[in-house]
Amino acid sequence: MSTPDFRARSPWASLTDVDKVHVSPVSPGSIQTSLTVPGSKSFTNRALIMAALAEGTSTLAGILKSDDSYWCLGALRALGVKSEVDGDTVTLHGCGGRWPEEEAELYIGAAGTTARFLPGPLAAAGNGVYKVEASKRMSERPVEPLMEALEELGADVHYIDKKGFYPLEIHAGGLPGKEVTISGKLSSQFISGLLLTGACTQEGLRIRIPDYIVQHAYVHITLDLMNQFGVPVTYNEDLTDMQVPAKNFQGRSMALEADASTASYFMALAALTAGTVRINNLTMDTNQPDIGMVDVFEKMGCHVEKGSTYIEVTGPEQLSGGFELSMKEMSDQTLTVAALAPFADAPITIRDVEHIRHHESDRIHAACTELQKMGIRVDEYSDGLKVYPGTPIGVSLHSYDDHRVAMALSLVGAKVPGIYIEDPGCVSKTCPTFYDLFEAAGVPIKFS
Ligand SMILES: O=C(O)C1=C[C@@H](OP(=O)(O)O)[C@@H](O)[C@H](O)C1
Ligand SMILES: C=C(OP(=O)(O)O)C(=O)O
């Protein structure tokens with residue numbers, strides 16, 4: 001069983017000295033609230049990297065302040081990019097397409113985004129030696145297909161401990177570019193990383209995908225943001241053929257979207273407790289794939305109001321089950337659906353998410369183990385799980401140093417007495433204020 005990697009908890013983390021949280025049940029219909037969720041992790045780390053590489057200054061409002069973004073910003077500072085943070089706004093003075101530092105040691109924490117987005121721009125926009133270290137778990141997560149693609153393009157990558165994994169060293173001297181082929185089946189982040197790399201090459205980059213991209217919506221977020229930062233990529237409909245021009249990013253000011261993944265836990269809270277939760281700063285008009293949870297909530301019997309400035313979910317008296325979902329395109333929410341499923345009136349099956357065994361934990365196995373601990377019947381598949389209706393018993397649940405395990409399992413506590421979540425501080429990877437928001441929504445929270 002994993003022990004938390006406290007080095008990856010940043011100064012933006014919370015609950016650093018907390019062992020457990022006791023989440024207590026609420027009475028049905030008692031949650032009637034509206035809330036504003038923090039900025040999107042995916043937007044924040046992309047925008048930080050593009051702004052750092054850009055010509056000119058960028059001001060990014062509504063950034064997520066969490067471990068993932070703290071370490072990303074820290075790595076960019078170590079590369080010589082100056083920035084100032086004021087509340088949730090950051091100003092970055094872009095380096096104009098060439099990292100100022102020619103030798104740097106970077107620590108990127110547990111962020112898959114930084115781990116997959118930065119190496120290419122290091123090789124292509126750098127001239128020197130960059131040592132990159134990541135958290136324990138990020139050093140077990142796959143990066144080799146991305147590194148192989150970069151090596152094919154001429155990058156000089158040295159693995160320090162184990163071939164194919166962090167920590168590693170990049171001996172940078174620019175990349176000519178041209179063409180590269182990579183599978184999209186393991187992680188969409190490899191593709192986003194190559195797109196960012198393409199802009200920094202000398203001749204531009206054609207990226208071909210021989211199969212398909214899991215969570216391809218995240219690649220659309222990259223494409224849209226690159227366009228906004230002045231690098232228009234041309235691409236075909238299924239994103240299997242993309243052409244990136246060699247072009248400097250242009251600094252700009254923008255407000256970032258709220259995090260749809262974080263919002264989903266609060267919509268799920270309404271779903272589970274027959275309450276009403278309005279998310280004040282998110283609409284259906286987003287590329288973030290986890291917005292698809294709105295359809296899942298409707299399928300489970302919720303009433304959803306899709307406003308022009310908000311989304312509001314009202315839970316039913318009884319959640320409906322009895323369906324199978326392919327969650328390939330919004331796999332970060334697998335754990336949320338798994339946590340709601342015991343309370344549905346028939347089994348729920350989740351498929352096509354084998355890749356989440358390589359996320360912050362083996363999420364399929366973590367979900368099955370913790371549900372079984374609560375006495376819930378589960379079938380585990382290589383690419384998903386089937387959860388049967390049941391009455392969970394109150395126990396202490398492990399969070400596997402995985403923010404989404406902690407946030408999803410906390411939902412169960414809002415319904416079942418005696419639920420404790422171990423190491424709740426792991427939520428700081430993407431939402432250090434998670435338990436503040438949960439409590440403000442009306443769920444009793446007690447730390448020990
Ligand atoms: O590009 C991004 O911002 C993300 C891509 C997805 O990763 P994978 O495609 O590796 O599953 C997702 O799970 C992650 O939370 C964020
Ligand atoms: C998979 C996730 O993160 P990462 O960006 O580290 O891949 C996640 O946030 O669920």
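Of the 448 residues in the protein chain, 54% are buried; a residue is buried if 20 or more other C-beta atoms lie within 10 Å of its own, exposed if 12 or fewer, and partly exposed in between, with C-beta atoms placed from the backbone. The model is predicted, and local features need pLDDT of at least 70, side-chain atom pairs count only at pLDDT 80 or more, while totals for chains, interfaces and linings use all residues. Residues are numbered from 1 along each chain as its sequence is written, and chains are lettered from A and ligands numbered from 1 in the order in which they are written.

## The chain as a whole

The secondary structure of the protein chain comes to 13 helices and 24 strands. The protein chain has a radius of gyration of 21 Å, close to the 22 Å that the globule rule gives for 448 residues, so it is as compact as a globular protein of that length. The radius is taken over C-alpha atoms, and the globule rule is 2.2 Å times the number of residues to the power 0.38. Helices (H or I, at least four residues) and strands (E, at least two) are DSSP runs, numbered from the N terminus.

Along its principal axes, the C-alpha trace of the protein chain spans about 60 × 45 × 40 Å. Among contacts between residues at least 6 apart in sequence, 76% join residues at least 24 apart. Two residues are in contact if their C-beta atoms, placed from the backbone, lie within 7 Å.

## Two domains

The protein chain is divided into domain 1 (6–37 + 319–447) and domain 2 (41–255). These bounds come from an automatic or database domain assignment. The C-alpha centres of domain 1 and domain 2 lie 30 Å apart. Across the boundary, 19 residues of domain 1 are in contact with 19 residues of domain 2. The side of domain 1 that touches domain 2 has 6 nonpolar, 6 polar and 7 charged residues. In this classing, Ala, Val, Leu, Ile, Met, Phe, Trp, Tyr, Cys and Pro count as nonpolar, Asp, Glu, Lys and Arg as charged, and the others, Gly among them, as polar.

UniProt, in an unreviewed entry, places the feature "domain: Enolpyruvate transferase" at residues 29–436. UniProt positions are given in the numbering used here, feature names are shortened, and annotations may be inferred rather than shown by experiment. Over residues 29–436 the chain is 31% helix and 22% strand, and the end C-alpha atoms are 20 Å apart.

## The two ligands

A residue is near a ligand if its C-beta atom, placed from the backbone, lies within 6 Å of it. Around ligand 1 there are 13 residues, of which Ser42, Ser187, Ser188, Gln215 and Tyr218 come nearest. Helix 3 (112–117) and helix 6 (188–200) are the elements that give two or more residues to this shell. Helix 6 gives the most to the shell around ligand 1, with 3 residues. That shell has 2 nonpolar, 10 polar and 1 charged residues, and at least three of its residues come from each of domain 1 and domain 2.

Ligand 2 is surrounded by Ala111, Gly112, Thr113, Asp332, His359, Glu360, Arg404 and Thr430. By class, these are 1 nonpolar, 4 polar and 3 charged residues. Domain 1 and domain 2 each supply at least three residues to the shell around ligand 2.

## Annotated residues

The unreviewed UniProt entry lists Asp332 under "active site". The same record's "binding site" annotation covers Lys41, Gly112, Arg141, Gln189, Arg363, Arg404 and Lys429. Aspartate 332 is in the loop between strand 18 (323–326) and helix 10 (334–340). Lysine 41 lies in helix 1 (residues 41–53), and glutamine 189 is found in helix 6.

| Residue | Other C-beta atoms within 10 Å | State |
|---|---|---|
| Aspartate 332 | 27 C-beta atoms within 10 Å | buried |
| Glutamine 189 | 25 C-beta atoms within 10 Å | buried |

Not counting residues up to four places away in sequence, aspartate 332 touches Ser261, Asp290 and Arg404. With neighbours within four places likewise left aside, lysine 41 is in contact with Leu64, Ser66, Asp68, Ser69, Thr113, Asp259 and Thr430. On that basis, glutamine 189 is in contact with Gly112, Thr113, Arg116 and Phe117.
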